[in-house]
Amino acid sequence: MSNVEAESPEYGQYQGDSDVDIAIIGGGLTGLWAAYFAKQLEPSLKVAVFEAERIGYGASGRNGGWVSALVPGNRKKFAKAVQGGVDSAKAFQREFISSVNTILATLEKEDIQADQHKGGTLSAAHTAAGLNRLKAKRSADLAYGLDESEVQLLSPADFQSRINIAGVHGGLYYPDVARVNPAKLVRGLAAAASRLGVDIYEHSRVISAASGLLSLGRGTVRTGKTFICTEGYSGPFLGKRRLIPINSSMIVTRPLDEAAWERIGWAGLECLNDSAHTFIYAQRTADNRIAIGGRGTPYRFASGTGGHGQTAASTVRQLTGRLESFFPGIRFEPEHAWSGVLGVTRDWNGGVNWDPAAGIGSSIGYAGHGVTAAFVGGRTLAELALDRNTVRTSLPWVGYRARNWEPEPVRWLGVHAMYKLFGIADSWEEARKARQTSLIAKFGSRLAGLHE
Ligand SMILES: Cc1cc2nc3c(=O)[nH]c(=O)nc-3n(C[C@H](O)[C@H](O)[C@H](O)COP(=O)(O)OP(=O)(O)OC[C@H]3O[C@@H](n4cnc5c(N)ncnc54)[C@H](O)[C@@H]3O)c2cc1C
């Protein structure tokens, strides 16, 4: 279940026929940031957001709450794709680092209370092979614009002085990452956009979007410009092969007692992930629980989006088991579980596209690194549509378009094979105490287009 479902509705359903300057499809972080910045740039514009379910119903209300500087895609591929090459990819990375701070400053300015805390991120290596992957990641980070203080290599003891993970081989620390409660963030942002004069509609599914005209169940909207901000749900607008919905599942434990926190540490409230191929991501919540996520059922045939996010008991057991292996002897009781979808393009690179002739744009394909990407993407979409030239409108993902995914059943087979291979590779590396990444994992990455 998503946090958002537990709250009462706040915004009305759209009906009738009206005119707007900018119509935004999707009430997640991308749509809401786009609306927020469009109004900031031109307060007189009539801007409306149409959400099929509830604000934050999609990944924006269901995520792991990492506001990170991870760019949505592979920096090397972006560098190859644009004229500016590596410098352009570095500028992209720098924009994401500064955006983490801009998001936090905006939350403060708008008085959005989302349990935000900038404690950084820790990436744990459970094997020597995992540590080598993290070292390679650090070298790539340094080559693409981070400095030594922004990606720090930790010894096992340094790591355990922050979070006491059993048997950890060391890891990385990234200071420029903040934790948030995702549902509080997205609803707080909707309230801020609404205060600026953005019209927000819930339970208002857009059935079709042609240039200048949206059709909804109970009416139509004539619009100057349309932003498609539907990420993993974009199939009906952009085509099922343009990006696919990949599932991610989470659990949150009951609050842990003082004695457990004494043993675990985690006083810095860092976000946490690991270097496994079937990686996890986690946070210590403001009310002293652990929220942890992983892949779950990776992909549903024909790009299914998984409805309200019911989560298999086996996934709940798997995630609980990961916590038990990190912190042996501590009992974890999962209290809630939920799932959601994120949008993944064929080469895992996101893109912000604006077609001035049609007056339609989109910002999609964040591949699971979407909280900051939605901020940068939504803001960029507003700037492009309103003819502003900024540092963001020339970033390498602007105008970027990955090739299409294969038709079914090839893509189902491909994605499932990739995750199967990743699972086998993790077990192989752990069992053999491998120092190098297994060939099985390398093959899986290639199959999925993660590294080309
Ligand atoms: C379990 C999980 C954990 C994650 N953890 C993290 C994390 O810790 N950090 C991070 O950076 N990223 C994370 N992500 C990814 C991140 O949450 C997303 O990339 C980001 O929230 C996408 O925002 P969005 O607004 O583009 O899309 P969404 O939040 O998916 O919003 C799209 C909205 O469009 C609506 N919609 C769909 N069709 C229509 C229609 N026809 N008409 C009107 N509305 C429509 C949907 O109901 C939905 O509300 C995670 C994702 C998941 C699923």
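Two residues are in contact if their C-beta atoms, placed from the backbone, lie within 7 Å. Keep that in mind for the first stop. Among contacts in the protein chain between residues at least 6 apart in sequence, 77% join residues at least 24 apart.

This is a predicted model, in which local features need pLDDT of at least 70 and side-chain atom pairs count only at pLDDT 80 or more, while totals for chains, interfaces and linings use all residues. Residue numbers start from 1 along each chain, as its sequence is written.

**Stop 1: the whole chain**

Select the protein chain. It has 12 helices and 18 strands. These are DSSP runs, numbered from the N terminus: helices are H or I with at least four residues, strands are E with at least two. The radius of gyration, taken over C-alpha atoms, is 21 Å, close to the 22 Å of the globule rule for 452 residues, so the chain is as compact as a globular protein of that length. That rule is 2.2 Å times the number of residues to the power 0.38. Along the principal axes, the C-alpha atoms fill a box of roughly 65 × 45 × 45 Å. Of the 452 residues, 53% count as buried; a buried residue has 20 or more other C-beta atoms within 10 Å of its own, with C-beta atoms placed from the backbone.

**Stop 2: two domains**

Colour 3–109 + 182–239 + 349–385 as domain 1, and 121–180 + 244–345 + 407–448 as domain 2. The bounds come from an automatic or database domain assignment. Their centres, over C-alpha atoms, are 26 Å apart.

**Stop 3: where the domains touch**

Here 33 residues of domain 1 are in contact with 27 residues of domain 2. On the domain 1 side, select β3 (66–67), α3 (85–109) and α6 (182–195); each supplies at least two residues. Which element gives the most to this side? It is α3, with seven residues. By class, this side has 14 nonpolar, 14 polar and five charged residues. Ala, Val, Leu, Ile, Met, Phe, Trp, Tyr, Cys and Pro count as nonpolar; Asp, Glu, Lys and Arg as charged; the others, Gly among them, as polar.

**Stop 4: the ligand**

Now select the ligand. A shell of 42 residues surrounds it, and the closest are G28, G58, G64, G340 and G370. A residue is near if its C-beta atom, placed from the backbone, lies within 6 Å. Elements giving two or more residues are α1 (29–41), β12 (244–253), β16 (334–344) and α10 (370–385). The largest share, four residues, comes from α10. The shell divides into 17 nonpolar, 20 polar and five charged residues.

Why does the ligand lie between domain 1 and domain 2? Because both domains give residues to the shell around it.

Key. A residue is buried if 20 or more other C-beta atoms lie within 10 Å of its own, exposed if 12 or fewer, and partly exposed in between; C-beta atoms are placed from the backbone.
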